[in-house]
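User: Hello! I am new to protein structures and would like to learn how to read one. Could you take me through it step by step?

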Amino acid sequence: MSDDKNETEGAQGPGEDGRRRERVIGTPSPAREKALLAEDDISAPAGVGEQLDEASMKRAERIVATFFLVAFAASVAFIAYFIGWSGRDGGMHGVVRARESNFWLGGTMALSFIAMAVGVTIWVRRLMTSKPIVQERHELAADEETRAAFAQDFLEGAEDSGITKRPLLRRTLLLAAAPLGLAPLVLLRDLGPLPEKRLRHTYWGEAVKKAQAEGKKGVRLVVDGTNKPLRVSDFSSPGGMITVLPEGIEEEVPEEQVLTQNAKAVTILINVPADKFKPAKGRENWHVNGIVAYSKVCTHVGCPAALYEQTTHHILCPCHQSTFDATDAAKVIFGPAARPLPQLPLSVEDGYIVATSDYHEPVGPSFWERG
Amino acid sequence: MSQATPPKAIEGTLGFIDERLGSTTFFRRNVKKVFPDHWSFMLGEIALYSFIILLLTGTFLTLWFKPSMVEVVYDGSYTKLQGVKMSEAYDSTLHISFDVRGGLLMRQIHHWAAILFMASILAHMLRVFFTGAYRKPRELNWLIGIGMFTLGMLEGLFGYSLPDDLLSGTGLRITQGVAESIPLVGTYIYMFLFGGEFPGQDIVPRLYMLHILLIPALILGMVTAHMMIMWHQKHTAMPVKNQTEQQVYGYPFYPVFMAKTGAYFLFTFGVVALLGAFAQINPIWLFGPYDPGAISSGSQPDWYMGVLEGALRIMPNWEITAWGHTLSLNVLIPAAVPLGIVFGGAAAWPFIEAWVTGDKRQHHVNTRPRNAPVRTATGMAAVTFYGLLWLAGANDVLAERFHVSLFATTWFFRVTVFLGPLIAFIVTKRICLGLQRKDADTIGHGVESGVILMSPEGRFSERHEAPREEEKTVILSKENARPEAPARDAEGIPAPGSKGPLGHLRSRLNRAWTFDDIPVEEHEHGHSDQKAIESGSEQVKH
Amino acid sequence: MKRITAWRRRPWAGYAVVLAALAAIGVVYAGFSPRSDRAEAQSSAQAAQDLKHGQELFNKNCASCHGLNAEGTKDAKGKPIAPSLIGVGAASVDFQVSTGRMPAMNPGAQVPRKEPIPDFNTSIKTDYEEPEKREAAEKQKAQAEKNLADLRAWIASLGGGPEVPPASAVDPDKGDVALGGKLFRTNCAQCHNFTGQGGALTGGKYAPPLSGDDVTPTQMYEAMVTGPQAMPVFNDTTLTPQDKQAIISYLVKTREEPNPGGNGLGRIGPVSEGLAGWLIGIGLLVLAAMWITAKKPKKLKKS
């Protein structure tokens, strides 16, 4: 074992063989590492460094080779399947062929890798005879002398540059750098619009305004997915629930805006038994015989709160289990949501259920300016 | 020994490189670099190799994936969705799955590799923590590791959001809700992130850029730094025979370690391919395209985001509204506090521990978990905390599978998330001390041999034998606690390290760290180990 | 090889399911369809006799909870024990009895699906080899269908309500799968999960899985139209029969569809995936690491 431990990084002393060691640019520090074969009392794992029995080595070699051959066969099978079979009848299309392709390509690939891994492992374990060796660990820090020398160099440099002596230079440099650092942030400004009042209204407001301009009472509710406007009589079964949107949202909103408007306007319509229903103060005429509409956007973090239990009249959000009471103005009864689901004022016009105004409060999660 | 000179081709190449880079000195020095052997040292390698798999398969996927939210009508080969409106991102992901040969396999391998990447980082970090391998001089690598795990979480979240299916859209919806809840700047961050209101048309292309360029580049840089630092500092070793602070004992890099790690590289590829071939992951065709009005029960994120999901689920509904402003504690606390505690705590731990123990030495030999009871117990408390939140993220699945009330599971987690870590701390510490006692017994008393002796007087006793040399080395690797000088000496002068409230705290923590340590040391024959235990912390070992 | 065989077999199992389901529908339909023109085709005496038989079955199996006149019962505190069945309709009876939920064994958070009682078990095995055994089973099945039809008729006679859908209305091959998927994800998946695996509700209740082969298209239709237990009602004017058929098509096609990516891991999403990643992925790799770093075998030493 080496005994000159004081030879450290950066020191220009003679190397282990008396030769000067040259520093290689881009390599880790030339901390000297001296590999010594383990001597005397090294209790290596059994078998290591032993002269292996020629016959068992031959056997091991054959085993490893077999695994490599399996790996070879599997990769050939992978290629053969891909070229010869996966592209039949005009290529892979659909679930059944994707399943077949995934099975064969994945299976042969896995087999190939694992067979090769097993082969290499057996090779290392049975054929390599390297003994475990001992190496020194080195002090990572430089010695006092080197540190002092570097500190000296550093100070000399600083002195020479004048940055310590000339505060005007130093300060104007900092001044020059500061706005330069801020400039990229300015560039990010056009990532999106400012919030303004965007979060405070939904497409219901626009649709109601349009309908009222035509002399109607409000906008009809259509079933999400089929766009069928709902009559009161259509939705008369107690315990009913359906997802609705304002009529015209699919047709009149620019195509790239449809999902965005949907995401705020989506509403659940519930038929709560009239005898159980307790309309909130000021909202006595917001329901139609127990047919009541709440925003489907959870007030917690915005998942669709859509799970309605007709026995308990609970509306549950499946994401984080906020639970609202449909009979009691969607009051929160459990879970992390802090506010009730906003309610949409409903009325009847020509037998159709209509919304007579936008939500009176912002839908969805709370935000700082919400108030 | 083999031939004196390597084959011409190799010599020629080496010569070519050496004359230009002077590389042979480096090779010469490192070719026999020693790597200590232990199975748990390979956990980190899973992450490295998974990362390589992620880069390869990810590149493949980009060849077909279209990061666009423009609406198209599907007319591909998956019949159940024909005629459905969807984004181009979802459409192209279906195309990769059903019309590109090997595309589904690559998608699945990519996703499985991501899951293994994160899982192996966590497993590796637990190994590093419980063996004390993060101590000086390796704190920087520990911090890099925490950084990589955090970046990995973001990378994963962004990655599984790209296909724009219903599940990933739900994840984005939650991300949006969390962003919106940030005080003061929340709505601005929301608008800037999504380029307008949710979902808009910008988020997928933006996440795509982050997912395939920025974050992988950062992770790649950190991986490189992590490996170079490890190489330079040399790997830690388990406290076994021949391993000391001054020397490392193990197999040379070339050829043994190289072959071993090569084999492990292949194993990682093999296992990921196995999963990709036989276990379906993220079947987006079953989830359908994103639709803000639709949702599924059991909507969960990938496992590494489960902690956040769990915290969001069990948080009570606290919200403060005052002076026209709303502060959503019900979102902010779960989003920031639990991970802040776990990651912030983990990042600060090496420095806190060094401060408390006053140990500023370098450590290259790991500690057995039992020999640092406070550390091990703290680690287990953190594991319990993380694990409970993680389970809470699946509380609906648990409620459904085990037929318990949903709200009961929420309450269960609300309570245990505080109690669990406490219990885990106490129990773990007791176990550690028990194991220390056993070690002291083994050293002092020897190992029960099973041989019963009868003395001339007719008394029976069991013969105890000295432990094997290897075992003894492992047990004696324990560094017995060195209690500090009392806070005040005989004259009432405070010790220099314990002045002021901070110093007071430090010396109290130091006592908590060491007071119940059970010294394990060799005694001369005849000494009873009982005595050693009773005399307790007065014993000082240098 | 065994595994591959099993895999190969799976699609056939799927077809068998469809066939069984279709057969069941056909049988139900056959037992039921004469009803509409019964007034003309059959003598009213026969109809009256059937009704009487239905009432007898009701008295024997249902009246203890639902009351002799199906008016429902309450306990001493006025809390309902069993609801009134007046106006629930034939569809509700068919759903509750054919899924084995009624007669209920013991009241819990939710009445679970189970094997129907023998009197009403229309899905018994009849494909025996031995002719006499088969004949007996077929006879028993026919009797069960007759019993169920009579019971339905009796309840329907008390006050109308939704009827059992005709087989053509629930044929999964005729629905618009794409529309069905959209409607399912918007209105059903929040409880039953994307792929119909079911999910948790409050208070220990749950949305049952729809992925099993025993959930017939007729039962799906009946559940939507009657809203059993906690499930909301989707009547025919909100979701039209075509919409319902689309949903049924989506569900049946989804559960028949093989998993292209290998084992479906329960099709419940990331929870089982994370579990598989940790247990199988990390598990296998830890075993590999232990093997690679294990001590070398002794036997290779030269003696």
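**Reading the model together**

Analyst: Happy to! Let's begin with a database record: in an unreviewed UniProt entry, the annotation "transmembrane region" covers residues 63-83 and 103-124 of chain A. Keep in mind that this is a predicted model.

User: What share of residues 63-83 of chain A is helix, and how far apart are the end C-alpha atoms?

Analyst: For an annotated span, look at its secondary structure and then at its two ends. Residues 63-83 of chain A are 100% helix and 0% strand, with 30 Å between the end C-alpha atoms. The span 103-124 of chain A is also 100% helix and 0% strand, and its end C-alpha atoms lie 31 Å apart.

User: How many helices and strands are there in chain A, and into which domains is chain A divided?

Analyst: Chain A has seven helices and 12 strands. Its domain 1 is made of pieces, 1-14 + 29-35 + 133-138, while domain 2 takes 54-127, domain 3 takes 143-177 and domain 4 takes 202-355. The centres of domain 3 of chain A and domain 4 of chain A, taken over C-alpha atoms, are separated by 69 Å.

User: What percentage of chain A counts as buried?

Analyst: Of its 371 residues, 39% count as buried.

User: Which strands of chain A and chain B pair?

Analyst: Here you follow the bridges from strand to strand. Strand β1 (residues 133-136) of chain A pairs with strand β4 (residues 247-252) of chain B in the antiparallel sense, over four bridges. Within β4(B), Q247(B) is the residue opposite E136(A).

User: And how many residues do chain B and chain C bring to their contact?

Analyst: That contact takes 58 residues from chain B and 52 residues from chain C. The largest share of chain B's side, nine residues, comes from α10(B). This side of chain B has 35 nonpolar, 16 polar and seven charged residues.

User: Which residues have the most contacts inside the largest nonpolar core?

Analyst: The largest nonpolar core has 267 residues, and I315(A) and V272(B) have the most contacts inside it. The helix that gives the most to this core is α5(B), with 19 residues. Leaving aside neighbours within four places in sequence, V272(B) is in contact with S50(B), I53(B), I109(B), W112(B), A113(B) and L116(B).

User: Let's finish with one residue. Why is S92(C) called buried?

Analyst: Count what surrounds it. S92(C) is buried because 24 other C-beta atoms lie within 10 Å, and the cut-off is 20 or more. S92(C) sits in helix α5 (residues 89-98) of chain C. Not counting residues up to four places away in sequence, S92(C) touches G161(C), P162(C), E222(C) and T226(C). S92(C) and E222(C) are 130 residues apart in sequence, yet 6.5 Å apart in space, C-alpha to C-alpha.

Note on methods
Residues are numbered from 1 along each chain as its sequence is written. Chains are lettered from A and ligands numbered from 1 in the order in which they are written. This is a predicted model: local features need pLDDT of at least 70, side-chain atom pairs count only at pLDDT 80 or more; totals for chains, interfaces and linings use all residues. Domain bounds come from an automatic or database domain assignment. Two residues are in contact if their C-beta atoms, placed from the backbone, lie within 7 Å. Helices (H or I, at least four residues) and strands (E, at least two) are DSSP runs, numbered from the N terminus. Ala, Val, Leu, Ile, Met, Phe, Trp, Tyr, Cys and Pro count as nonpolar, Asp, Glu, Lys and Arg as charged, and the others, Gly among them, as polar. A residue is buried if 20 or more other C-beta atoms lie within 10 Å of its own, exposed if 12 or fewer, and partly exposed in between; C-beta atoms are placed from the backbone. UniProt positions are given in the numbering used here, feature names are shortened, and annotations may be inferred rather than shown by experiment. A nonpolar core is a set of buried Ala, Val, Leu, Ile, Met, Phe, Trp, Tyr and Cys residues joined through C-beta atoms within 7 Å. Two strands pair if DSSP finds at least two bridges between them.
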